[in-house]
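This report describes helix packing, a nonpolar core and selected residues. Please view the sequence and the structure together while reading.

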Amino acid sequence: MAGSAQTQKYSLSFTSIGARRLETAEVARAFADCREWAEVRRRIVEDDIISLNKESTRKRVGSEIVKRLRTLNDDEVAFLADAVGDDQLAMTWVAICRAYPVLRAFSTDVVAARYAGMVPDVPRTAWPAFVEDEAADHPELERLTEKSRKQLETRAFGMLRECRLIDGDYNITPLYPSARFVALVRETAPQDLDVFPKAGALL
């Protein structure tokens with residue numbers, strides 16, 4: 001279990017949109033340009049900077065992306081705005097894990113821990129085992145229906161794949177972000193580096 005995450009109720013609304021890393025980077029660029037979240041929201045809805053047809057979808061997806069990005073400080077958002085490759089993936093995952101401590105706990109205590117223990121994969125059975133363990137401290141997990149648990153499992157693994165922390169066969173595929181990413185996150189929240197399998201500059 002992941003430290004202070006035990007003391008707060010888990011938000012379980014991450015099933016709504018997936019990782020959306022490309023759209024997240026586009027919204028980060030908009031904020032880096034104007035530094036006003038209200039203006040960013042306007043650009044999402046009115047200027048369609050995330051290229052979605054329906055206004056209702058732009059509002060829903062945009063609201064979720066802004067929620068995640070607001071967990072980052074201005075320097076981290078600016079970094080994401082210019083990031084490519086593993087740096088973009090890694091900062092997107094940091095924002096997701098800050099917004100959803102249940103995913104932080106799973107990424108730290110299951111994905112990263114298994115990699116550190118030289119276990120190469122994360123089978124689907126790891127999610128229900130994780131939920132059962134966490135439910136002792138998080139009754140909101142205990143109250144989930146079987147259908148809701150399965151939806152959370154599907155989305156959690158989908159987002160891990162989107163951010164390239166696992167592959168389609170559930171093998172762990174560590175990211176190799178830059179030393180600049182590591183230094184930036186370590187400066188503000190060093191514990192956030194624990195969500196990643198340790199490889200490269202993350203060691």
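## Packing of α4 and α5

In this predicted model, α4 and α5 are oblique to each other, a class that takes the angles left over once those under 35 degrees (roughly parallel), over 145 (roughly antiparallel) and 65 to 115 (roughly perpendicular) are set aside. The axes of helix α4 (residues 74-82) and α5 cross at roughly 140° and come within 8 Å. Axes are lines fitted to C-alpha atoms, for helices over the stretch in contact, and angles run from 0 to 180 degrees between N-to-C directions. Helices (H or I, at least four residues) are DSSP runs, numbered from the N terminus.

The crossing of α4 and α5 is left-handed; this term applies if the near helix is turned anticlockwise from the far one by less than a right angle, and right-handed applies if it is turned clockwise. Contact means heavy atoms within 4.5 Å. On the α4 side, Glu76, Phe79 and Leu80 meet Asp87, Gln88, Met91, Thr92 and Arg98 of α5.

## Packing of α1 and α2

Helix α1 (residues 21-34) packs against helix α2 (residues 37-47) at an angle of about 135°, and their axes are 9 Å apart. This angle makes α1 oblique to α2. The crossing of α1 past α2 is right-handed. Residues Val27, Ala30, Phe31, Asp33 and Cys34 of α1 form the contact with Trp37, Glu39, Val40, Arg43 and Ile44 of α2.

## The largest nonpolar core

A nonpolar core is a set of buried Ala, Val, Leu, Ile, Met, Phe, Trp, Tyr and Cys residues joined through side-chain atoms within 4.5 Å. The largest one has 66 residues, of which Trp93, Phe106, Trp127, Phe181 and Phe196 touch the most other members. Helix α5 (residues 85-99) supplies the largest share of this core, 9 residues.

Beyond its neighbours within four places in sequence, Trp93 contacts Ser107, Met159, Leu160, Cys163, Leu165, Val195 and Phe196.

Cys97 counts as buried at 1% relative accessibility; buried means under 20% relative accessible area, exposed over 50% and partly exposed in between (1.4 Å probe, protein chains only). The closest cysteine sulfur to that of Cys97 is in Cys163, 8.3 Å away and too far for a bond. The whole structure contains 0 disulfides, defined as pairs of cysteine sulfur atoms within 2.5 Å.

Arg104 lies in helix α6 (residues 101-116) and, at 16% relative accessibility, counts as buried. Apart from neighbours within four places in sequence, Arg104 is in contact with Cys97, Arg98, Gln191, Asp192 and Val195.

## Basis of the values

Residues are numbered from 1 along each chain as its sequence is written, and side-chain values use heavy atoms, with hydrogens and water left out. For this predicted model, local features need pLDDT of at least 70 and side-chain atom pairs count only at pLDDT 80 or more, while totals for chains, interfaces and linings use all residues.

How values were computed
Helices (H or I, at least four residues) and strands (E, at least two) are DSSP runs, numbered from the N terminus.
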